[in-house]
Amino acid sequence: VNSPPAGVPCRACFVDGDDAGGCATTGEPVFDLLLVSCDNWADSDGGLLYRFGYQVEGDNTEMLFEWSSSSSLDMRLPSGTITLTAQVKDALGALSSVMTSRVEVGAAAARRRLLFSPSHNSPISSHGSDGGLLPRRLLSESSFNWAGAVDLMATELLAGNLATLNEVASSLILEVDS
């Protein structure tokens, strides 16, 4: 009988978080880097592979990354309450249970992508035909650093970091398309 790999639960922490050496579980969309790591896993069959994923609360689609021999993954995420998943598999295909953790990115869960404009004459109108407020996307906020997002994408493109460029672009698309 092939036993599944064993190890300590995987961890998800924002890099350079303000949690004074601890594990920060809140960050900003697009810019803050989240590190998901599954350290100290072992199996007598060897050949461990790791799969990571995430799902934004309220969305029906889970983003799953391909199986990889890397025990960690850096991610840039869209805003919202996000459930992260990690799973480990051995060379013979035995799977660990799916481990989950939650992080908050950007607006609080209650405000995720539902930021309302208090102004009736806002250039990004947030009023429906009945005069009621409609949801407005986080990236529509005038405080979002679009220039920084463009610079980040250009830097990653020029450095040839296409996987990171794809993550940044995906985070922006998820914000705009929500």
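The points below take up the basis of the model, then the sheet, then the disulfides.

1. This is a predicted model, in which local features need pLDDT of at least 70 and side-chain atom pairs count only at pLDDT 80 or more, whereas totals for chains, interfaces and linings use all residues. Residues are numbered from 1 along each chain as its sequence is written, and side-chain values use heavy atoms, with hydrogens and water left out.

2. The model contains an open sheet of 3 strands, in the order S1-S3-S6 and with antiparallel pairing. Strands S1 (11–14) and S6 (72–76) stand at the edges with a single partner strand each, so one side of each is left without a neighbour in the sheet. Neighbouring strands of this sheet are turned by 20 degrees against each other on average, direction ignored; axes here are lines fitted to C-alpha atoms, and angles run from 0 to 180 degrees between N-to-C directions. Strands are DSSP runs of E with at least two residues, numbered from the N terminus, and two of them pair if DSSP finds at least two bridges between them.

3. Within this sheet, S1 and S3 (residues 33–37) pair in the antiparallel sense over 4 bridges, and Arg11 stands opposite Ser37 in S3.

4. The structure holds 2 disulfides, a disulfide being a pair of cysteine sulfur atoms within 2.5 Å. With bonded cysteines counted along the chain, the disulfides follow the pattern 1-4, 2-3.

5. Cys10 and Cys38 form a disulfide with sulfur atoms 1.9 Å apart, and their link is right-handed, with 110 degrees about the S-S bond. This pair links distant parts of the chain, 28 residues apart, with Cys10 in the segment before S1 and Cys38 in the loop between S3 and strand S4 (49–56). Cys10 counts as buried at 15% relative accessibility, and Cys38 is buried with a relative accessible area of 1%; buried means under 20% relative accessible area, exposed over 50%, and partly exposed in between, for a 1.4 Å probe and protein chains only.

6. Cys13 and Cys23 form a disulfide with sulfur atoms 1.8 Å apart, and their link is left-handed, with -105 degrees about the S-S bond. Cys13 lies in strand S1 and Cys23 in the loop between S1 and strand S2 (26–27), so the pair ties together parts that are 10 residues apart in sequence. Cys13 counts as buried at 13% relative accessibility, whereas Cys23 is partly exposed, with a relative accessible area of 24%.
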